[in-house]
Amino acid sequence: MRTKRYKRNVESTSYDLSISDMMAALCCVFVLICVTVMVRLTEQKAEFQRQNKKANSYYAMRTDLYEKLMETFKDEVNSGKVSIDEKTLTISFKNPDVLFEMNDTKLRDEYKQTLNDFFPKLVKLLYTSTYKVDGVEKPIKDEIEEIRIEGHTATSVKLTAKENYERGMETSQERTRNILNHCINSEVINKKIPNEQMNWIKKNIAAIGYSNSRHITYPDTNIENQDASRRVDFRLLTNATNVLTEIENFTE
């Protein structure tokens, strides 16, 4: 009988030890999970703060750049020659009759004169201006990825959709190339832009034609505004696109 009791006590003790070991292991796992979660939350908080700081820096830059554009080209804006979109930082030349003859790609003399004044001022603004973040002055040119000359055409009712696009693409691309060539090669413009600034702009400028793919309609209608659709834009692409993409991916 004693032997049986002893065996039972030994078996009971071994069983209790196994339960204790299992509970201790579970506690260790739980603590490890808690530590991992806390570390992850800390990392996410730090990443959120970093992304928020980048977003604030971008908005400060964009706001400052837009204000500088409006101040630099206030006469052109007030006269209705151009408009400036705050969200996309796009400068649009709104009077197509001044730019080109209908269905022509050759720059009119009046438009050349406009570019002779406009382009040097734009380059100087982008190259020399700064914006302030956390009390630190930073050059705007370091945030510029590309100055894009965008050409747009209107839709002709006499042509098919395919013909409109193909002919409009040829026209818009040729127009933007001619504008780019004038901005880079004009003797009048070259006298106004220092070599250092001209070398920088050559590395950061492009000309693209969009045909009638981005036509403009009258408000609250699907009717195309022919005059508004025929336009040339100078669009400023900044590092903001990458910043916003990172923020969107982080918050998903």
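In what order do the five strands of the open sheet stand? The order is β1-β2-β7-β5-β6, with mixed pairing, where strands (E, at least two residues) and helices (H or I, at least four) are DSSP runs numbered from the N terminus, and two strands pair if DSSP finds at least two bridges between them. The model is predicted, so that local features need pLDDT of at least 70 and side-chain atom pairs count only at pLDDT 80 or more, while totals for chains, interfaces and linings use all residues. Residues are numbered from 1 along each chain as its sequence is written, and side-chain values use heavy atoms, without hydrogens and water.

Because β1 (82-85) and β6 (205-209) stand at the edges with a single partner strand each, one side of each is left without a neighbour in the sheet. β1 pairs with β2 (residues 90-93) in the antiparallel sense over four bridges, and S83 has S92 in β2 as its bridge partner.

Helix α5 (residues 161-185) lies across β5 (144-152), β6 and β7 (231-238), running at about 160° to β6; angles run from 0 to 180 degrees between N-to-C directions, and axes are lines fitted to C-alpha atoms, for helices over the stretch in contact.

Helix α4 (residues 109-128) packs against helix α7 (residues 195-203) at an angle of about 90°, with the axes 10 Å apart, and the two are therefore roughly perpendicular (65 to 115 degrees). In their contact (heavy atoms within 4.5 Å), residues of α4 including F119 and Y127 meet E196, Q197, W200 and I201 in α7.

Terms used: Angles under 35 degrees count as roughly parallel, over 145 as roughly antiparallel, 65 to 115 as roughly perpendicular and the rest as oblique.
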